[in-house]
Amino acid sequence: MKKHLSILVLFAAIAVITACQKKNQSDQNSVEQTLTEGTFGYDLAFLNKHKKTIVLQAPDNSCAQAILIADYQGRVMTSTADGGKGNSYGWINYGLIESGQHQPHMNAFGGEERFWLSPEGGQFSIYFKKGKSFDFENWQTPAIIDTVSFAVAESDSCSATFEARAMIENYSGTQFVIEIKRKITMLDQPSILSGLDIATLGKCKSVAYESINAVKNIDAEWKPETGMLGIWLLGMFRPTEKTVIIAPFSKQLSAKPLITDDYFGKIPSDRIKMADSTVFLKADGKFRSKIGIAPRSACNVAGSYDSEKGILTIIQYSLLPEEKYLKSSWEMHKDPYDGDALNAYNDGKLADGTQMGPFYELESNSSTHALKEGESLVHRQRTYHFEGDHASLNQIAQKVLGVNIEQIGEIFK
C-alpha cells in the first residue's frame with residue numbers, strides 16, 4: 001500500500017512539474033508575442049533562447065539595464081534606458097546567432113561593445129598569417145576574440161568580470177602569451193553627471209556602463225621592432241535614416257586635422273561633412289564608409305544622434321595623444337605605430353551585393369607599450385545612452401560633443 005502511495009505521489013509530482021513547465025513555456029511564448037522587435041525585452045527573450053545571459057542594472061535605476069554574454073567574449077550585446085519595453089540600442093545579428101553555426105573569417109554576432117585586439121593589418125597584424133597577401137580571403141579574426149568563451153570571474157547585479165588566456169602569433173612570427181581581463185560596471189546617475197561634467201540630465205532617461213579592459217603580458221618582453229598589441233573596443237548600433245555619427249576633433253596638438261576618410265574609397269559629400277571641429281558621418285547602414293582620427297587630433301569622446309527616435313549615444317574613452325597607436329590598414333606600414341585613436345564606421349553592401357548588417361560602429365583604441373613580463377595594458381571606455389526631452393538632449397550634446405542637435409538633424413538634408 002505504501003509503495004503504491006509513493007508511486008502515486010511521484011506521478012502527481014511529475015504531473016505538477018510538467019504542468020508548471022508548460023505554463024512557463026506558454027507564459028514565455030505569450031511574453032515574446034507581445035514584445036516588439038527593437039525593444040530590450042524582445043532581445044533578451046531572443047538571446048536567452050540561444051546563450052546564457054547576464055543582465056545588469058544600474059544601482060539606482062532598475063530600468064537602466066544591459067545584457068552581457070560570456071560566450072561572446074564578455075561583450076555587451078545591448079542596453080536600454082527604459083526596461084523591457086524600452087528601445088534596445090545594440091545591433092544583434094539574429095540570423096547568425098539563431099543558426100548556431102560559425103562563419104569563416106569573422107562571426108559578426110553584434111553587440112554594442114565588444115573586445116578586440118589590434119593591429120588588424122601590416123607587418124605586425126594578428127589577422128593575417130606570415131607571407132599571406134592582405135586580401136579578404138586571407139583575413140581571419142583570432143579565435144580568442146571571435147569564438148572563444150571568456151570565463152566569468154565575478155558577477156553581481158551591477159557588474160561582471162570576465163577572464164581569458166591566449167597565445168597569438170603576428171604576421172612577423174612574434175608570439176604573445178596574454179591574460180585578458182574585462183570588467184563591465186553599470187553607472188549610477190551621479191557617476192554619469194560627473195563623468196561627463198554635466199549638471200543635470202533634465203527630463204532624459206539614461207543608461208550607462210564602464211568597461212575596464214586589461215591585457216597582461218605573461219611571456220617575453222614586447223618590442224616595437226617585432227610588434228606589440230593594442231586593445232580595440234567596437235560598438236555596433238542600430239542605424240536609421242536619420243542617425244548621424246558625431247566625431248569631434250582638436251587642433252591643439254596639430255593645426256591640420258589628422259583624419260583619414262578614404263578607407264574604402266572617397267566618401268560622397270552627401271554622406272560626410274566637416275564643420276568647425278567636428279566630423280559628421282551619415283549612419284544609415286546603406287553605404288560602407290569609415291573614418292579614423294589620430295590621437296593628436298582626437299577628442300576622448302564621440303557619439304551619434306538619431307533624430308528619428310530622439311536617442312543620443314556617447315562613448316568616452318582613455319586617450320593618450322602623445323603615445324603610440326597601432327595602425328590597422330591592410331598594407332605594410334612605414335610607421336606601424338601611427339594609427340587611429342578613434343574610428344567610426346557605417347555599414348553597407350559589398351561589391352558582390354552582400355551585407356553583414358546593417359549597423360554602424362563607434363570604436364576606440366588603446367595606445368600600446370613595450371610591456372615587460374607581468375605588465376599590463378589597460379583601456380577604459382564608457383558608453384552612455386540618453387533619450388527623451390529634446391531640450392535636455394540638446395544641453396548634453398552641446399556640453400559633451402559641442403554640437404546642437406537641431407544642426408545634426410538638418411546636416412544631411
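Which residue forms a salt bridge with R296? Select E322: its closest N and O atoms to R296 are 3.0 Å apart. A salt bridge here is a side-chain nitrogen of Lys or Arg within 4 Å of a carboxyl oxygen of Asp or Glu.

This is a predicted model, where local features need pLDDT of at least 70, side-chain atom pairs count only at pLDDT 80 or more, and totals for chains, interfaces and linings use all residues. Residues are numbered from 1 along each chain as its sequence is written, and side-chain values use heavy atoms, leaving out hydrogens and water.

Stay with the R296 pair. R296 lies in the loop between β14 (289–293) and β15 (301–306), and E322 in the loop between β16 (311–317) and β17 (342–346). They are 26 residues apart. Strands are DSSP runs of E, at least two residues, numbered from the N terminus. R296 is partly exposed at 33% relative accessible area; E322 is exposed at 57%. Buried means under 20%, exposed over 50%, partly exposed in between (1.4 Å probe, protein chains only).

Next, select R382 and E210. Their closest N and O atoms are 3.4 Å apart, a salt bridge. R382 sits in strand β19 (residues 376–388), E210 in strand β8 (residues 204–217), 172 residues apart. R382 is buried at 17%, and E210 is buried at 15%.

Last stop: R165 and E179. This salt bridge has its closest N and O atoms 2.4 Å apart. It links strand β6 (residues 159–169) to strand β7 (residues 175–186). R165 is exposed at 55%, while E179 is partly exposed at 27%.

Key: Helix = DSSP H or I, 4+ residues; strand = E, 2+ residues; numbered from the N terminus.
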